[in-house]
Amino acid sequence: MERTRASGVLLAISALPGPYGIGSLGEPARRFVDFLVRGSQRWWQILPLVPLGNGASPYMSPSAFAGNPLLIDLDMLAQEGLLTSEELDSARCENPDRVDYVRLNETRLPLLRRAWQRAKGRPEETDPVEMPWLEDYAAFSALHDHYRSGWWEWPCDAVPDPEERDFHRFLQRTFYRQWFELKQYANERGVRLMGDIPIYLSADSVELWRRPEIFELEKDGRPSAVAGVPPDAFCPDGQLWGNPLYNWQREATFDFWKERIGWCAKLYDGVRIDHFRAFHNYWSVPADAETAAEGEWLPGPGMKLLNALQAAAPKLELIAEDLGDLDAGAIEFVRTCGVPGMRVLVFAFTPGAESAFLPHNCDANCVVYTGTHDTPTFVQWFHEADSETAAYARAYLRLREDEGLGWGGLCGAWGTRAYLAIAPMQDVLGLGADARMNTPGTIGDHNWSWRVRYEAFNDGVADRLSHLTKIYSRAN
């Protein structure tokens, strides 16, 4: 695939501004697209659009295909006559800086239910695209709402209520109608959308319920092994994620992944594949293990799967999330598979070490980031680094407080040979620890809840971003 120099900004839909407690697919998203256009950016990278799992994480989702209904734009529903001004007022949130997921989970679905009830008497709109997964997801969600437990605790003959099933159809059709309108708006203005595929799913997912043959399961339907990563210098017991693992010996698993990448090709212009190294080999932990240290490396599907995905979606641009402690085999796989990997500046500056993430070591076939949703912001990282590391970064990047440390990080990324450079919006704004999106291995209100304010989408920031982007020949 031909690649030209470009740049973009990483910002979750949930982190967009707006009066209703969480970002949405409507006017807030369009205003951000306009900001990117003025800033000469070609890409908007987001986090997974899927419904959230434990801890409000989009990487522990109950579905590979569905959209998160919390992101549905309420003003657009009001314009259709499905919500009243009083109902909009009831949804307003005073805190513009954080998503309150507890409050949202208590109030947003009842509000969307009112919109659905008003829509029931109207002619049904045509789906924006074919959604073959919708019926299974609607049934799963309806039963989940009824039993309020994992699917393995449901009666074998459980039948979803037809009305509840219809409600979840309405949510998904509304979500994706709004999404495809946003995608059209962005693409018409030269902005491409980069999605994110969580490689694993929750054990309490529609896929495990309806397609158990694609997972490694016991006879009772429970996972026989689960995902994680082995011990390292930062985590002596490793990380036990608990997601069910795929059964790569079955053709049905490959069929599922081809369906998944085909769906992504409709939603996005490119996708980052999370935990890409599992294509080469993956850490398998017995389901009854107490820590991830009890796991072992097993061979992944390799180029057989990657070739199938690229054949199923030849125009979809792929990025490999190849971070972490990779062995020589995994490094060679990423290097030779044809999918560009990631380089992250906050991991680059180890004094005395020739890191592959240093700007002068970033080759053209990679994507360089100042940081990611899982790292500290660039400014936070700099202030928390030991004095030797901070001094090295300051000297290498020629960082100055009067310029702004975040802009120094952007200059370091934008100036590399990497064909694509991306910065989280937090780094564009030079924000610190309060703006971190997620701290891996922790659960709490600080994760996945940060939001940007409308004031950040100002001409001064956009013009400065455009100037920087033009200097380094990445302009839209």
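Before you start selecting, one definition: the expected span of a helix is 1.5 Å times one less than its number of residues. Bear in mind, too, that this is a predicted model.

Start with helix α8, residues 251–267. It has 17 residues and reaches 25 Å from its first C-alpha to its last, close to the expected 24 Å.

Stay on α8 and show side chains. Which residues of α8 are buried? Pick out Thr253, Phe254, Phe256, Trp257, Arg260, Ile261, Trp263, Cys264 and Leu267. Now bring up what they pack against: α6 (162–188), β3 (192–197), α7 (206–210), β6 (270–273), α9 (302–312) and β9 (317–320).

Next, select strand β7, residues 281–286. Five of its six residues are buried, so β7 is largely enclosed by the rest of the structure.

Strand β4 (residues 225–229) runs antiparallel to β7, joined by four bridges; click alanine 227 and look for its bridge partner in β7, serine 284. Strand β8 (residues 296–299) is also antiparallel to β7, again with four bridges. There, tyrosine 282 has leucine 298 in β8 as its bridge partner.

Finally, zoom out to the whole protein chain, with its 15 helices and 12 strands. Its radius of gyration is 22 Å, close to the 23 Å that the globule rule gives for 476 residues, so the chain is as compact as a globular protein of that length. The C-alpha atoms fill a box of roughly 65 × 55 × 40 Å along the principal axes. Colour by burial and 57% of the 476 residues count as buried.

Terms used
Residues numbered from 1 in each chain as written. Predicted model: local features only at pLDDT ≥ 70, side-chain atom pairs only at ≥ 80, totals over all residues. Heavy atoms only, no water. Buried < 20%, exposed > 50% of the residue type's maximum accessible area, 1.4 Å probe, protein only. Helix = DSSP H or I, 4+ residues; strand = E, 2+ residues; numbered from the N terminus. Pairing = 2+ DSSP bridges. Contact = heavy atoms within 4.5 Å. Rg over C-alpha atoms; globule rule 2.2 N^0.38 Å.
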